[in-house]
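Q: Could you walk me through this model, starting with how its helices pack?

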Amino acid sequence: MELLIDRINSAIGIILLVSDGESLCALDYADYEERMRTLLQRHYREFHLRAVVNPQGFSSRIRAYLAGDLGSLNSIPINTGGTVFQHQVWSTLRTIPPGTVLSYGEMASRLGKPTSYRAVGMTNALNPIAIVVPCHRLVGANGSLIGYAGGLERKRWLLQHEGVDLVKLASGGAVAEDKGASRSWQPGS
């Protein structure tokens with residue numbers, strides 16, 4: 001199977017975007033390319049990547065999101081593969097508005113499975129489409145930033161970009177302020 005790949009320079013590093021020609025099937029970071037390829041192999045078994053620019057206009061939408069248009073990702077079609085439960089989690093993640101966070105337990109409750117927060121966490125870790133399937137919007141029960149496959153620095157940047165007040169979040173309140181405010185990402189920041 002031929003998949004299309006584009007590389008996007010961004011404030012949070014090089015983003016890899018992979019399309020099957022119709023839908024977005026992977027979005028990860030260059031320093032996690034091996035993880036992305038492993039997830040693609042689970043979905044497609046055999047594939048090869050062909051470099052293109054802006055497949056289906058998806059790269060432009062990612063750039064628009066990074067420039068502050070937080071709604072630009074909503075209509076991107078996705079093809080994640082995965083189990084029925086994984087599809088439920090990933091679909092529900094897309095209903096969390098920018099600037100809003102949920103705990104893993106709250107997400108499990110939304111799915112009607114309040115004791116499955118660990119399964120939600122494991123599914124979140126296997127999300128093949130970062131940012132568009134906004135797994136960065138899930139946090140620990142106490143508001144702590146935990147569990148982002150792209151690194152906690154990027155999770156912090158994405159949440160701040162969306163207007164989440166991380167100080168309030170850490171003290172137990174998830175309030176969105178300054179929608180679209182962002183800063184340059186630095187490893188370890």
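**Helix packing**

A: Helix 3 (residues 84–93) packs on helix 5 (residues 117–125) at an angle of about 80°, and their axes are 10 Å apart. Axes here are lines fitted to C-alpha atoms over the stretch in contact, with angles from 0 to 180 degrees between N-to-C directions, and helices are DSSP runs (H or I, at least four residues; strands are E, at least two) numbered from the N terminus. The model is predicted, so local features need pLDDT of at least 70 and side-chain atom pairs pLDDT 80 or more, while totals for chains, interfaces and linings use all residues. Residues are numbered from 1 along each chain as its sequence is written, and side-chain values use heavy atoms, without hydrogens and water.

Q: So how are helix 3 and helix 5 oriented to each other?

A: Helix 3 and helix 5 are roughly perpendicular, a label that covers 65 to 115 degrees.

Q: Which residues meet there?

A: From helix 3, F85, Q86, V89, W90 and L93 meet A119, V120, T123 and N124 of helix 5, where contact means heavy atoms within 4.5 Å. These divide into six nonpolar, three polar and no charged residues.

Q: Switching topic, what lines the largest cavity?

A: Its lining consists of D28, Y29, R35, N124, N127, A130, C135, Y148, A149 and G150, with lining residues having an atom within 4 Å of a point on a 1 Å grid where a 1.4 Å probe fits but cannot get out.

Q: And the overall make-up, how many helices and strands?

A: The chain has seven helices and six strands.

Methods: Angles under 35 degrees count as roughly parallel, over 145 as roughly antiparallel, 65 to 115 as roughly perpendicular and the rest as oblique. Ala, Val, Leu, Ile, Met, Phe, Trp, Tyr, Cys and Pro count as nonpolar, Asp, Glu, Lys and Arg as charged, and the others, Gly among them, as polar. On a 1 Å grid over the protein atoms alone, a cavity is a set of points where a 1.4 Å probe fits but cannot get out, and a pocket is an open set with protein on both sides within 12 Å along at least five of seven lines; lining residues have an atom within 4 Å of a point.
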